[in-house]
Structures are given as C-alpha cells and as structure tokens.
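Reader: I am new to this model and would like to learn how its features are read. Could you take me through a few of them?

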Amino acid sequence: MKYILMIGDGMADNPVPELGGRTPLQAAEKPCIDALAAKSRLGSVRTVPRSMPPGSDTAILSIFGCDPCRYFTGRSPLEAAGCGVPVEPGCASYRCNMVCLEDGDQPFERKIILSHNAGSIDGETSIAIITQLCEDPEFRAALDAAGMTIWPTPSFRHMAVQKGGDIQGIVLKPPHDILGRVIGDYAFCGNDNAKILWNLMELANRKLEHLPLNEARRAAGKKPANGIWFWAEGTAVQLPDFAARYGHTGSVISAVPLVHGIGALTGLKRITVEGATGEVDTNYAGKLQAAKDALLAGDEFLCVHLEAPDEATHNGSLRDKLLAIRQLDSLIAAPLTAWMEEQGMDYRLLLLSDHKTLMSSRTHDGDPVPYLIYDSTRPQPCGLSYTEENGEKGPYVDKGTDLMGLLFEKT
C-alpha cells in the first residue's frame, strides 16, 4: 500500500462575487479530484488551532501530525531546515522576503508595499540582487552590527539568522498581509531588536532602489525588488520522528522550504525539482516524474505539495487561482493516480487545502477546509464533489493532527 498526501496550498476559499457566489473550488474544472471525492470519505477539518494565527506553518505542522501548540516556535526555523540553513540555540531566524515597495522619494515609512514577492521574481535574479546588497560595505557593516547573516535561496524567500537576536514580544507583520498599505502603519515593535530590523530594511531600500538590476526590471515592465522584509521569526525546533509514529518512511516534493523543512525535521527525505517555482509556471511534469520515481524506489509515503493556488490568491489573481486548481487536477492528480493504477499499486490518498486563502482579503483564514481520503481498495461512495460546502456535509475533524492517523488507519 502506498500513502499519498496531496496539498493544494490555499485553494479553499469563501464565495467570490466574480464567480456568482461560488468558491474557486466550486467553479474550477477538476474532474479527477471530483471523481475521487465521489468515492471517498469527504469531510472538513480544522488544520489551524483556534488559538493560533492561520498559515501554512501551523496548518502543515498539524497535517503532518505535529501539534502547533507544542512544536511551533516560528515559521522561519522550519524553512531554514528546508534550506539546509543552521539555526543554533541562542539564535533567531527570520524569513527575508524580496519585496517591491512604492517608488519615490517619500520617507521609507510612508511607502506602500506593492508585492510580497517582488513581482514573482525568478530565483536567479533574486539571488543576484540579495548578494549585491549583502556585498555593499555599508549594508554589510549594518548586518555585522546586528549579528545577522542572510542566506540566499533560489526564490524570493531568503533566510536570515541573527546571533543573540531577541524576539521576545516582537511584532513583525507578514508582508502578504499588508499588500497595498502604507508600511509605517505596521512598523516593527515589541522590543529593541524590532528597531534594528526596521533600520536594516530601510537601509536595504535605499541601496536597492536604483540598483542596475532593478532599473533593468523596471525597463522590462517588471516590479523592482527594491526592498527586503523580515518576518516569521522563530528559534530552533525539533519535531517527532515520522517513521516512528506512523511506521512508514517517505519523501516530500515541494517548491517551498517550509514544507521541505517540516518533512526534514520529521525524518522524511526532501525532493527538489528543477524549475519548481511555487507559481502556476512551476515544473508540473518534473514534480510528476519525481513522484513516480520516489514510489518506484520504494517510498511508502509521499507528500506532493503545490504552492500555486496560495501565491495566486496573495497576488490577487482569481484567474491564476482557478488555473492552479485545474493544473493540480490535470497535471498531478489525474496522471499520478492513473499511473499508480496502471502499476497495480494499491494506495490511500489524502487530498486537501492546508488552509483557506481568501480572494476577498488576499490573506489566510483559519476556518475548516475540505479533505478527502480515497482508498483504491475500498471506495466509499458519497457521490459528492470536492468543495467547501460538500466537505461540511461529511465527518468533521476538529484537530488537524488526527488526519495522518486517518490516512494510515491508526486513528
């Protein structure tokens, strides 16, 4: 038996006026997923504890069976593990986004944040820009004074580690939560280190504003990567061993360091696919082939994570969110399940959105999301398609940490 976890990040939503009051899951064409749902246990699950902020960090920890109330020390340590970046005891880590801020000579705090990912900047350019910033003598000196090291990654998601960084009581707003707003209204606060981080971002904006690479991006009609943004602060973390708990080994396929990090910290293998961007242009064919290769190589458990629906929603693109859901269906779910059946592989599949990401606000929401569990050896006909509304008609799981036990039939 093979056990498959398939996550369409942020694809669940609330009704959207532009879709006639339907959700993207209701409106998108997804014949394979709907056919699976019709023969599945279909229900809804609360992946984010009521006491915690909604996000992929808390939600995916839950899905992997790790109670966020116990194990969550911040998002960035999980991402650091996915990038191979060491976070030693006594250090603080942060996500360091490349962002696009409003052009102009106005004070830093009066600028508006236009994009949390610098216009979906490609990895090669992102690395070049952050490298040039860190090589600037004045910025390098400021990093040294702060005890900070920035580790580039091939995306807009860089990592930062700060020796002795104080995050007690600090408030750092996620950039995707304040798109289109004046950043000074969300100035970092809570302790003295907050001002140090804010000053680093202000200096970075001055250094990046007229960087030749950014001028070239403007000339090409692209958003400049003229800012950095620290957030997702945390400290070193250890997670329980996956194989010891569930009796199976396996791998994680994702374009997102967070998901790779959770997998790595639980003892699962990381599979990185060239050209996997986390957007609708990701290398779906490469991810599909990587999944087949892992299963043929003997993996008993496999997680396939698709970030594109979430990024499309943060970018405010309903068209791309619908496209991402269709792509998950036609380019991953349909060919993978058909191939497993051709191979004579018995399998159980858990498919869900880790959390809702709302087109109305372009931010995350912690309400329950629909899930399906399909068993190729024992279909459970319910006759329903995979939507938020239909999920509410089935079994409700109040703790997302119970899902993995359901997949492995240990709960």
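Author: Let us begin with contact, which means heavy atoms within 4.5 Å. Leaving aside neighbours within four places in sequence, Leu 268 is in contact with several residues, including Phe 64, Phe 242, Val 252 and Phe 301. This is a predicted model, in which local features need pLDDT of at least 70, side-chain atom pairs count only at pLDDT 80 or more, and totals for chains, interfaces and linings use all residues. Residues are numbered from 1 along each chain as its sequence is written, and side-chain values use heavy atoms, with hydrogens and water left out.

Reader: Where is the place of Leu 268, and is Leu 268 buried or exposed?

Author: Helices (H or I, at least four residues) and strands (E, at least two) are DSSP runs, numbered from the N terminus, and Leu 268 lies in the loop between α11 (257-265) and β9 (269-271). Buried means under 20% relative accessible area, exposed over 50%, and partly exposed in between, with a 1.4 Å probe and protein chains only; at 6%, Leu 268 is buried.

Reader: How many disulfides does the structure hold?

Author: A disulfide is a pair of cysteine sulfur atoms within 2.5 Å, and the structure holds 0 of them. For Cys 83, the nearest cysteine sulfur, that of Cys 96, is 12 Å away. The sulfur of Cys 134 is 7.5 Å from its closest cysteine sulfur, in Cys 96, which is too far for a bond. Cys 134 counts as buried at 12% relative accessibility, whereas Cys 83 is partly exposed at 28%.
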